[in-house]
Amino acid sequence: MNITAEQEKTIIREILKKLNVTDDDASIVADVTVDADLKGFSSHGIGRFPQYIRGLKAKTINPNAEITIENETVSMALINGNHQFGHVVTYTAMELAMKKAKETGIGIVGVHNSNHFGVAGYYSDMAIMEDMIGIVIANTEPAVAPIGGKEPIIGTNPIAIGIPSNKHYVSVDMATSASARGKLLEAQRKGEMIPENVALDIDGNPTIDPDAALKGSILPFGAHKGYALSFMIEILAGPLVRAAFGKQVTGTAHPEEMCTKGDLVMALDPSKFSDLDTFKLEVDEFINEVKGSGNVFIPGDMEVRNIKNHKKNGITIDKTLMEQIIAISKEVSFDLNSIINK
Ligand SMILES: NC(=O)c1ccc[n+]([C@@H]2O[C@H](COP(=O)([O-])OP(=O)(O)OC[C@H]3O[C@@H](n4cnc5c(N)ncnc54)[C@H](O)[C@@H]3O)[C@@H](O)[C@H]2O)c1
């Protein structure tokens with residue numbers, strides 16, 4: 001069935017509030033999750049909600065935790081999420097990074113003791129909305145085998161970069177693996193196969209079976225270049241921010257385990273490097289040049305197209321996912337029908 005973005009937001013927010021999550025925090029989790037579904041990143045949308053509920057039950061997500069700043073200078077900070085919702089922690093980190101960037105031109109905030117944060121691009125969008133550049137990277141539970149190996153050691157390590165422009169939404173938001181792990185989980189839930197050239201089974205052979213791929217490894221995107229980039233992210237979002245790295249990273253796909261991943265969140269204020277209007281004009285000029293070269297997209301076009309489509313036609317919830325949401329609603333005495341039958 002299809003639901004509207006507003007319905008999805010209400011379902012998530014109200015269920016979380018029943019589980020003692022504050023209205024503000026529940027709204028952030030709901031907003032990030034709906035953003036994913038609207039943009040077409042259904043692998044990180046409401047399909048991940050049951051995972052967050054499992055995290056709350058297992059107490060690996062602590063909705064009452066206070067996020068603390070462990071270390072701070074004028075342009076950087078290190079945040080301890082104390083196992084709050086990842087969405088709330090990264091949101092807080094980007095707010096702090098932007099505050100610092102407004103003063104100094106750049107703000108860099110490291111995060112540890114957090115949780116799965118959904119889509120990285122939500123947080124880089126926060127910077128775009130303030131006419132700043134946002135960059136977000138994170139590591140995750142191992143899923144990718146280094147080129148030449150077959151054992152997963154590196155995460156799917158997302159990267160998002162958002163850039164302000166006058167006329168366009170300019171954003172790249174992606175896993176550095178050939179496929180986000182969420183897409184494998186989604187295919188598994190729907191009983192579908194995954195594309196070719198995305199994953200290997202446990203013996204290192206190519207597979208299109210999501211079960212075999214989840215037991216095996218996902219390939220990096222772009223062969224050795226994707227591997228090299230995700231290798232670097234593993235360190236920048238790992239040892240640099242006092243988070244775990246490699247095989248020690250837990251809790252991003254298995255919510256019963258404490259989450260040990262890290263994030264590195266950056267904001268840059270173009271007005272401190274250049275004149276803001278000139279910068280945005282030049283970004284638009286570059287985009288015109290690129291778009292004028294043929295029938296091409298720029299990073300962010302796909303999201304804009306998907307948002308338009310999902311606002312018009314709604315967000316699709318498959319049968320298995322709906323059953324999971326019905327079960328969660330019953331458990332917390334949330335009247336789901338009052339929302340979806342409106
Ligand atoms: N929380 C986590 O731990 C975690 C881990 C991995 C991925 N993710 C999230 O998963 C989501 C999906 O990642 P993905 O790797 O499946 O994304 P994807 O492969 O769909 O790539 C998406 C990006 O590529 C751009 N793009 C697509 N076609 C393009 C074209 N023709 N020209 C120019 N740009 C184009 C899009 O605008 C978008 O920014 C992301 O939101 C990411 O943040 C989260």
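User: Which elements each supply at least two residues of the shell around the ligand?
Analyst: This is a predicted model. In it, β7 (170–174), α6 (181–190) and α11 (301–313) each supply at least two shell residues.

User: Which one gives the most?
Analyst: β7 does, with four residues.

User: How many residues surround the ligand, and which are the closest?
Analyst: There are 29 residues around the ligand. Val119, Ala120, Pro158, Met174 and Ala175 are the closest.

User: And by class, what is in that shell?
Analyst: The shell has 15 nonpolar residues, 11 polar ones and three charged ones.

User: Where does the ligand lie relative to domain 1 and domain 2?
Analyst: The ligand lies between them, because domain 1 (1–57 + 316–342) and domain 2 (65–177 + 220–299) both give residues to the shell.

User: Now the sheet. What is the strand order?
Analyst: Seven strands run in the order β2-β3-β4-β11-β5-β6-β7, forming an open sheet with mixed pairing. β2 (68–72) and β7 are the edge strands; each has a single partner, so one side of each has no neighbour in the sheet. From one strand to the next, the twist averages 15°.

User: Back to β7. In what sense do β6 and β7 pair, parallel or antiparallel?
Analyst: Antiparallel: β6 (residues 159–163) and β7 are joined over five bridges.

User: Which residue in β7 does Ile163 stand opposite?
Analyst: Ile163 faces Val170 there.

User: What holds paired strands together in general?
Analyst: Strands of a sheet pair through backbone hydrogen bonds, in either a parallel or an antiparallel sense.

Methods. Residues numbered from 1 in each chain as written. Predicted model: local features only at pLDDT ≥ 70, side-chain atom pairs only at ≥ 80, totals over all residues. Near = placed C-beta within 6 Å. Nonpolar A, V, L, I, M, F, W, Y, C, P; charged D, E, K, R; others polar. Domains from an automatic or database assignment. Pairing = 2+ DSSP bridges. Axes fitted to C-alpha atoms, helices over the stretch in contact; angles between N-to-C directions.
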